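Please find below a short note on the model under review.

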Amino acid sequence: MRRRRESLRVRAAELFEEGIAAAEVARRLRVSVKSAYQWQQRWREGGVNALASRGPSGSRCRLSPRCLEKLSGFLDQGPAAHGWTEDQVWTASRVVTLIGRKFHVTYSVSGATRLMHRLGFSPQVPGRRVAERDEEAVAVWKEATWAEVKESGRPAGASSVSRTRPASPDGRPEAGPGADGV
């Protein structure tokens with residue numbers, strides 16, 4: 001995406017060199033007029049080099065690559081290994097607390113969410129089933145209780161899509177729409 005935007009700016013510089021007005025450049029390149037005027041200003045001040053990409057936007061990661069590896073290891077250990085025993089789910093706020101405890105670096109909740117995604121984790125979905133799950137008890141419940149609780153579906157008889165008029169298969173005309181079963 002960044003390369004595409006940079007190629008647009010370089011093409012704009014070529015058009016500026018030909019003497020084409022910024023508004024026309026905007027129309028030809030299908031960009032905003034404001035962007036074209038800004039590009040023209042930067043081009044006048046520093047030439048084509050002034051329109052080169054400045055690299056990825058946003059702030060740099062506050063954790064070194066080594067710290068990111070350590071954080072990934074901590075996340076793999078699970079929340080219980082770091083004091084959260086009530087469930088086995090990493091939330092963004094827990095990750096913020098963990099980063100503060102282990103690396104003495106402050107992150108916002110949204111920043112921790114982006115960092116977790118970058119590391120391949122999702123704060124919404126637990127990585128594993130809960131440790132207390134009893135598969136045998138679940139199977140017994142499904143066999144014994146679920147069959148009693150589960151409601152049977154609608155009867156197989158005729159039904160109507162109308163809430164006010166009940167189904168009346170006997171009242172249909174013999175030669176009307178739907179009479180042939182289609």
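What share of the contacts in the protein with a separation of 6 or more is accounted for by residues 24 or more positions apart?

1. Such residues account for 42% of those contacts, where contact means heavy atoms within 4.5 Å. This is a predicted model, in which local features need pLDDT of at least 70 and side-chain atom pairs count only at pLDDT 80 or more, while totals for chains, interfaces and linings use all residues. Residues are numbered from 1 along each chain as its sequence is written, and side-chain values use heavy atoms, with hydrogens and water left out.

2. The protein has seven helices and zero strands; these are DSSP runs numbered from the N terminus (helices H or I, at least four residues; strands E, at least two). Of its 182 residues, 24% count as buried, a term that means under 20% relative accessible area, with exposed over 50% and partly exposed in between (1.4 Å probe, protein chains only).

3. Helix α5 (residues 92–103) packs on helix α6 (residues 109–119) at an angle of about 90°, and the axes are 8 Å apart. Axes are lines fitted to C-alpha atoms, for helices over the stretch in contact, and angles run from 0 to 180 degrees between N-to-C directions. The two helices, α5 and α6, are therefore roughly perpendicular (65 to 115 degrees; under 35 is roughly parallel, over 145 roughly antiparallel, the rest oblique).

4. On the α5 side, Ala92, Ser93, Val95, Val96 and Ile99 meet Val109, Ala112, Thr113, Leu115 and Met116 of α6. By class, this contact of α5 with α6 comprises eight nonpolar, two polar and no charged residues (nonpolar: Ala, Val, Leu, Ile, Met, Phe, Trp, Tyr, Cys and Pro; charged: Asp, Glu, Lys and Arg; polar: the others, Gly among them).

5. Within α6, the residues Gly111, Ala112, Leu115 and Met116 are buried. Viewed down the axis of α6, its buried residues fall within an arc of 140°, so they line one face of the helix; the arc is that of the directions from the helix axis to the C-beta atoms. These buried residues of α6 pack against α4 (65–77) and α5. Just after α6, Gly120 has a positive phi of about 95°.

6. Three aromatic pairs are found in the whole structure. Rings of Phe, Tyr and Trp (its six-membered ring) pair if their centres lie within 6.5 Å; planes under 30 degrees apart count as stacked, over 60 as edge-to-face and the rest as tilted. The Phe74 and Phe103 rings, with centres 6.1 Å apart and planes at 40°, form a tilted pair. Phe74 lies in helix α4 and Phe103 in helix α5, 29 residues apart.
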